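I set aside some time to look through this model and jot down what I found. Here are my notebook entries, for anyone who wants to follow along.

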Protein chains: 2
Amino acid sequence: MFEIAELGHKVSKADYLEKVPELRTQLLMLQQELRSQDLSVIILISGVDGGGKGEVINLLNEWLDPRLMRTNAYDSPSDEEKERPEFWRFWRTMPAKGTVGIYVGSWYSQPIANRVYGKITEPELQVHLRHINELEQELANDGTLIIKCWLHLKQEQQKKRLKKLEKDPETAWQVTARDKEHLKMYDTFVSVAENALKETSTAANPWRIVEGSDIRYSSLTVGQHILDKIKLHIETKQRKESLPPSSDTPQIIHGNQPSILDSLDLNLSLDKKPYNEQLNYYQGKLNKLARQAHEKKISSVLVFEGWDAGGKGGAIRRLTHALDARNYQVIPVAAPTDEERMQHYLWRFWRHMPRAGKVSIYDRSWYGRVLVERVEGFAKDPEWKRAYSEIVNFEEALTRHGIAVLKFWLHIDQDEQLRRFKEREQISYKKHKITEDDYRNRNQWDAYSLAVNDMVARTSTQSAPWILVEGNDKRYARIKILKAYCEKLESLLD
Amino acid sequence: MFEIAELGHKVSKADYLEKVPELRTQLLMLQQELRSQDLSVIILISGVDGGGKGEVINLLNEWLDPRLMRTNAYDSPSDEEKERPEFWRFWRTMPAKGTVGIYVGSWYSQPIANRVYGKITEPELQVHLRHINELEQELANDGTLIIKCWLHLKQEQQKKRLKKLEKDPETAWQVTARDKEHLKMYDTFVSVAENALKETSTAANPWRIVEGSDIRYSSLTVGQHILDKIKLHIETKQRKESLPPSSDTPQIIHGNQPSILDSLDLNLSLDKKPYNEQLNYYQGKLNKLARQAHEKKISSVLVFEGWDAGGKGGAIRRLTHALDARNYQVIPVAAPTDEERMQHYLWRFWRHMPRAGKVSIYDRSWYGRVLVERVEGFAKDPEWKRAYSEIVNFEEALTRHGIAVLKFWLHIDQDEQLRRFKEREQISYKKHKITEDDYRNRNQWDAYSLAVNDMVARTSTQSAPWILVEGNDKRYARIKILKAYCEKLESLLD
């Protein structure tokens with residue numbers, strides 16, 4: 001695989017100086033084009049030590065318009081990063097639409113290094129690579145162009161380069177003990193890398209291997225590759241837009257099968273006395289469990305979805321009553337801000353990931369994509385249809401990190417909803433909660449029911465199952481929720 | 001000062017239960033009011049150990065609408081926080097307009113604790129308190145209401161409370177060795193705190209001392225205090241809006257005095273040959289210095305301001321050429337995003353503060369407040385007039401943290417500007433840089449000149465002086481900038 005990058009490609013200084021201005025002009029013009037079309041680009045520059053990654057990145061920074069790009073260098077994660085799922089630190093710096101993000105030390109660095117050092121097994125590496133493919137696929141689906149360049153070097157060249165750096169007192173500092181160690185591990189490194197590159201060279205996001213022995217050659221080649229990919233990306237997008245919308249997207253199957261929601265027994269209820277006793281009991285229990293979870297740095301992500309007036313707010317308050325206000329955040333999810341709109345739709349949820357031992361409570365959530373955005377047509381067909389698997393992957397990333405993920409659907413029937421709307425209109429400080437939208441949404445009850453059924457069917461997983469809450473009786477619902485959270489924490493603390 | 005909070009105030013359970021619902025209703029209604037008027041509120045809950053801070057905060061979280069508030073708990077700073085100026089971590093969680101931010105462990109905690117433990121001297125504490133007063137004053141000027149509550153407890157009560165907590169196995173874990181140590185230091189703590197509270201009880205942002213021995217009394221009192229303050233704040237705002245605009249704001253004095261900009265010699269220039277030599281020399285030098293600064297974790301904040309077509313972009317590129325792309329970010333400053341608009345105008349610059357050893361290059365900056373916003377009337381008179389001292393305080397916070405702050409004004413004359421506009425219009429990839437706005441701005445040359453002169457006069461400080469760059473000759477300008485940055489780093493590395 002790397003043979004093609006061991007042929008001794010070179011570019012003369014004269015050739016280089018002739019080609020750069022034209023390349024630069026074109027790159028600058030394409031950046032304007034990306035900007036005007038709100039297209040984002042991710043450029044990964046990876047490769048062997050001494051392959052000239054630093055030089056190429058510095059040149060790209062010179063060539064591109066700095067106002068429309070950003071270089072993100074990743075070394076070891078900060079403590080704030082370590083406390084979140086692996087990809088969080090990449091999500092936090094995702095390029096906004098219309099801009100270019102160059103990644104040095106990307107999501108590939110740690111898995112490859114860990115495999116080379118024997119810290120993870122081959123199957124573990126494969127799992128990492130699968131997650132990487134999923135991440136890149138999701139970004140690509142969202143319209144992000146991912147350009148991946150690998151700078152290769154033969155072992156003797158790597159050796160030579162280190163020697164040269166060491167000899168010059170100006171550059172000797174650059175050569176660390178780690179570099180020398182890496183040199184010895186060249187064969188292992190190259191074989192792990194080759195494997196990783198193969199596994200992640202997908203049709204949408206292939207790797208480009210570039211010979212790194214001559215910096216003029218490698219930077220021109222990388223620059224030209226970026227240029228070609230961006231051009232093609234813009235053209236493809238334009239061609240697609242001129243085509244009729246394809247229906248070549250996953251199909252949601254439903255019909256007159258018995259629905260999941262219909263199977264809920266909305267007569268379930270709890271009298272005031274047992275309610276008060278149980279409320280007391282479970283709040284006390286949760287308080288203790290939450291304290292233990294905080295000490296053990298187990299974070300929680302709780303999702304509250306449900307019909308309007310389904311009782312989300314009240315249930316959240318009964319739950320937070322048992323928590324220490326210093327340890328939780330309620331995240332109300334409304335329309336995205338303009339910064340959020342310039343990113344993948346999951347970005348605005350990633351940014352609120354709790355630190356270790358903390359609790360993030362989402363009052364409405366990423367499920368808006370397959371509920372309101374689907375029903376109201378805010379998301380295009382392929383967008384909400386592919387969201388199911390995106391969401392499953394997203395939540396899997398959280399549970400993999402050890403986060404307790406709980407998802408509650410607060411279910412009521414149409415009569416109960418109307419009763420609550422009327423009730424709210426009588427209470428001065430709740431009046432603002434009822435708007436015309438609420439009544440309008442009622443007319444879409446069937447469409448929403450369908451969406452909820454699909455959602456539950458497609459995103460209930462073993463590690464993050466939906467907890468369907470019979471909500472006509474608020475007391476019953478609140479206890480069920482408290483109990484479920486207690487059980488989840490108990491199982492994680494075991 | 002604390003005597004008033006040692007009288008044994010109590011509230012009976014019956015009284016408490018009667019008053020809470022009304023208090024809660026009013027708080028919820030006021031939150032709606034705050035929201036509709038885009039007013040933000042900061043609530044600080046501080047006090048002695050065992051004074052019931054945790055309980056009060058938990059209750060506030062129950063009473064208030066969680067969608068419009070957020071509790072920010074500050075313990076020891078994370079590594080990402082330590083790498084930035086002291087107040088950065090508070091800025092990053094400032095409540096947006098229309099919302100309430102409750103701070104546990106606010107900007108007071110560390111200075112007071114450090115003084116109690118003898119880690120800082122009395123004069124050092126005074127300096128901290130002065131910075132706090134400035135911060136609060138600036139937030140208040142921006143329309144933020146700051147409510148500061150101090151929960152007090154007599155020493156014997158503190159002792160009793162700890163004993164009680166210790167006896168119950170359910171709560172014993174809450175009592176740490178640190179608590180017991182604090183108990184011994186009660187007198188010192190109270191006297192340091194009393195002093196700090198006195199110094200920071202300003203007319204705009206006074207402290208409210210609340211007896212903490214009875215949790216019903218303290219939470220009701222704090223709740224009622226918050227209610228009163230918010231009501232008054234909204235009323236005052238409405239009254240002010242109905243008055244004619246006052247001219248009771250700092251005056252900018254200028255007239256026919258010789259202007260600072262006019263004193264620049266725009267004939268200064270550099271021939272191509274010495275330019276190339278010096279460019280080479282200073283880029284090499286800067287590269288070395290920047291590497292050392294990175295190792296020593298000295299960050300830089302560089303500000304580029306100047307006339308349109310003044311050569312900012314080119315100068316930035318000559319400078320970044322000498323830097324490692326992994327270590328710098330160019331921050332293009334354009335119109336604020338909507339998230340930024342919901343905050344103090346300095347917030348969007350705080351968010352880009354570099355991590356230790358990194359370089360943030362602002363292409364336009366916070367000076368927009370006293371330049372374009374002043375001239376075009378985007379900022380109200382009092383807003384831009386008070387911005388001078390806000391900016392000086394802001395930059396002082398950076399230099400105090402050891403950050404190299406450099407501010408460049410790229411000066412050209414009107415003829416040169418026109419020449420460059422015309423030139424740009426001929427270059428395909430630069431055409432987009434010239435818009436009608438640019439020509440429109442030229443008509444405001446005199447107004448901008450005045451604004452620039454005022455800006456330089458009022459914000460050039462010893463630690464962050466303006467570097468005025470004679471820019472008619474680009475070569476001369478670039479070398480002057482490179483040289484200045486080299487000198488700054490040299491002086492900091494000494």
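**Entry 1: the chain as a whole**

I note at the start that this is a predicted model. I began with chain A and its secondary structure, which comes to 20 helices and ten strands. Next I looked up the extent of chain A: its C-alpha atoms fill a box of roughly 85 × 55 × 40 Å along the principal axes. I then checked burial, and 36% of the 494 residues of chain A count as buried. Finally I asked how much of the contact in chain A comes from residues 24 or more positions apart. Among contacts with a separation of 6 or more, the share is 83%.

**Entry 2: the sheet that holds β1**

I traced an open sheet of five strands in chain A, and its order reads β2-β3-β1-β4-β5, with parallel pairing. Which strands stand at the edges? I found β2 and β5 (207-211) of chain A there; each has a single partner strand, so one side of each has no neighbour in the sheet. The twist from one strand to the next averages 20°.

Strand β1 (residues 41-47) of chain A runs parallel to strand β4 (residues 145-152) of chain A, and the two share seven bridges.

I then turned to another open sheet of five strands in chain A, with the order β7-β8-β6-β9-β10 and parallel pairing. Here β7 (328-332) and β10 (466-470) of chain A are the edge strands; each has a single partner strand, so one side of each is left without a neighbour in the sheet. The average twist from one strand to the next is 20°.

Strand β8 (residues 359-363) of chain A pairs with β7(A) in the parallel sense over five bridges. Strand β6 (residues 300-306) of chain A also pairs with β8(A) in the parallel sense, over five bridges. Which residue of β8(A) is the bridge partner of A:Phe304? I found A:Asp363. A:Pro332 stands opposite A:Asp363 as well. I also noted A:Ile331, whose bridge partner in β8(A) is A:Tyr362.

**Entry 3: the nonpolar cores**

I looked up the largest nonpolar core next, and it has 107 residues. The members that touch the most others are A:Val41, A:Ile43, A:Ile102, B:Phe304, B:Ile361 and B:Leu410. Helix α20 (residues 474-493) of chain B gives the most to this core, with seven residues.

I opened up B:Phe304 to see its surroundings. Leaving out residues up to four places away in sequence, B:Phe304 touches B:Lys312, B:Ala315, B:Ile316, B:Ile361, B:Tyr362, B:Asp363, B:Phe408 and B:Leu410. There is also a second, separate core of 106 residues, which includes A:Tyr328, A:Trp366, A:Ile412 and B:Leu151.

**Entry 4: a loop residue, A:Leu346**

I picked A:Leu346, which lies in the loop between α13 and α14 (347-350) of chain A. Why does A:Leu346 count as partly exposed? It has 19 C-beta neighbours inside 10 Å, and a residue is buried at 20 or more. Setting aside residues up to four places away in sequence, A:Leu346 touches A:Trp366, A:Glu390 and A:Phe394. I also looked at A:Trp91, 255 residues from A:Leu346 along the chain; their C-alpha atoms are separated by 9.2 Å.

**Entry 5: the two chains together**

I then went through the contact, which takes 35 residues from chain A and 35 residues from chain B. On the chain A side, the elements giving two or more residues include α1 (13-36), α2 (53-63), β2 (69-73) and α12 (312-320) of chain A. The largest share of that side, five residues, comes from α2(A). By class, I noted eleven nonpolar, 13 polar and eleven charged residues on the side of chain A that touches chain B.

Technical notes:
Residues are numbered from 1 along each chain as its sequence is written. Chains are lettered from A and ligands numbered from 1 in the order in which they are written. This is a predicted model: local features need pLDDT of at least 70, side-chain atom pairs count only at pLDDT 80 or more; totals for chains, interfaces and linings use all residues. Two strands pair if DSSP finds at least two bridges between them. Helices (H or I, at least four residues) and strands (E, at least two) are DSSP runs, numbered from the N terminus. Axes are lines fitted to C-alpha atoms, for helices over the stretch in contact, and angles run from 0 to 180 degrees between N-to-C directions. Two residues are in contact if their C-beta atoms, placed from the backbone, lie within 7 Å. Ala, Val, Leu, Ile, Met, Phe, Trp, Tyr, Cys and Pro count as nonpolar, Asp, Glu, Lys and Arg as charged, and the others, Gly among them, as polar. A residue is buried if 20 or more other C-beta atoms lie within 10 Å of its own, exposed if 12 or fewer, and partly exposed in between; C-beta atoms are placed from the backbone. A nonpolar core is a set of buried Ala, Val, Leu, Ile, Met, Phe, Trp, Tyr and Cys residues joined through C-beta atoms within 7 Å.
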